[in-house]
Amino acid sequence: MMDIPWDQPATLIDLDGKTPMTGSILDCVTHFSLFKPFAKEQARILLTRPVFREGRKTRTWLLNPDEIEKLAERLDAEKKAAQ
C-alpha cells in the first residue's frame, strides 16, 4: 500500500457528508494532514486503482484514517530527505 504514486488520482471523502475533494493522492494526504483529530477519524480516501493490503486476499479501493496517516508520515519523511 505504501507504494501508491503521489500523482494517482483520488478522492478524499468524509463520513460526515462534507463535499469530497478530488485531486491526486498527494493533494488528499496534504489536505488530510491539516484536519483536526475528529475530522481525521471521519476521513477516507477513495482510490482510482485498488491496492493490496497486508493480511487481505483482495485489493481495496478505500483507505482508512490509519492508512492515510501512514501516507502522511511517508510524505513528511520524503520532504525531510529532500532537504
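**Chat on a predicted model**

Q: What's the relative accessible area of Asp16?
A: Asp16 has a relative accessible area of 44%, so it is partly exposed (buried is under 20%, exposed over 50%, partly exposed in between, with a 1.4 Å probe and protein chains only). This is a predicted model, where local features need pLDDT of at least 70 and side-chain atom pairs count only at pLDDT 80 or more, while totals for chains, interfaces and linings use all residues. Residues are numbered from 1 along each chain as its sequence is written, and side-chain values use heavy atoms, with hydrogens and water left out.

Q: Which side chain does Asp16 meet in a salt bridge?
A: Asp16 meets Lys18, at 3.6 Å from N to O. A salt bridge here is a side-chain nitrogen of Lys or Arg within 4 Å of a carboxyl oxygen of Asp or Glu.

Q: And which residue does Asp14 bridge to?
A: Asp14 also pairs with Lys18, with 3.9 Å between the closest N and O atoms.

Q: Asp14 and Lys18, buried or exposed?
A: Asp14 has a relative accessible area of 17%, so it is buried. Lys18 comes out at 51% and therefore counts as exposed.

Q: How many salt bridges in total?
A: The count is five. Another of them joins Glu67 and Arg53, whose closest N and O atoms are 2.5 Å apart. That pair links distant parts of the chain, 14 residues apart: Glu67 sits in helix α3, and Arg53 in the loop between β3 (43–51) and β4 (60–63).

Q: Are Glu67 and Arg53 buried or exposed?
A: Glu67 has a relative accessible area of 10%, so it is buried. Arg53 also has 10% relative accessibility, and it counts as buried.

Q: Back up a bit. How many helices and strands does the chain have?
A: Three helices and four strands, and along the sequence they run β-β-α-α-β-β-α. Helices (H or I, at least four residues) and strands (E, at least two) are DSSP runs, numbered from the N terminus.

Q: Where is Arg74?
A: Arg74 is in helix α3, which covers residues 65–82. Its relative accessible area is 17%, so Arg74 is buried.

Q: What is Arg74 in contact with, leaving aside neighbours within four places in sequence?
A: Arg74 is in contact with Met2, Asp3, Ile4 and Trp6, where contact means heavy atoms within 4.5 Å.

Q: What about Thr19, where does it lie?
A: Thr19 is in the loop between β1 (9–14) and β2 (21–24). Thr19 counts as exposed because its relative accessibility is 73%. Its C-alpha atom is 31 Å from that of Lys80, which is 61 residues away along the chain.

Q: What radius of gyration does the chain have?
A: The chain has 12 Å, which agrees with the value near 12 Å for a compact globule of 83 residues. The radius is taken over C-alpha atoms, and the globule rule is 2.2 Å times the number of residues to the power 0.38. The C-alpha trace spans about 40 × 35 × 20 Å along its principal axes.

Q: How much of the chain is buried?
A: Buried residues make up 36% of the 83. Of the contacts with a separation of 6 or more, 45% come from residues 24 or more positions apart.
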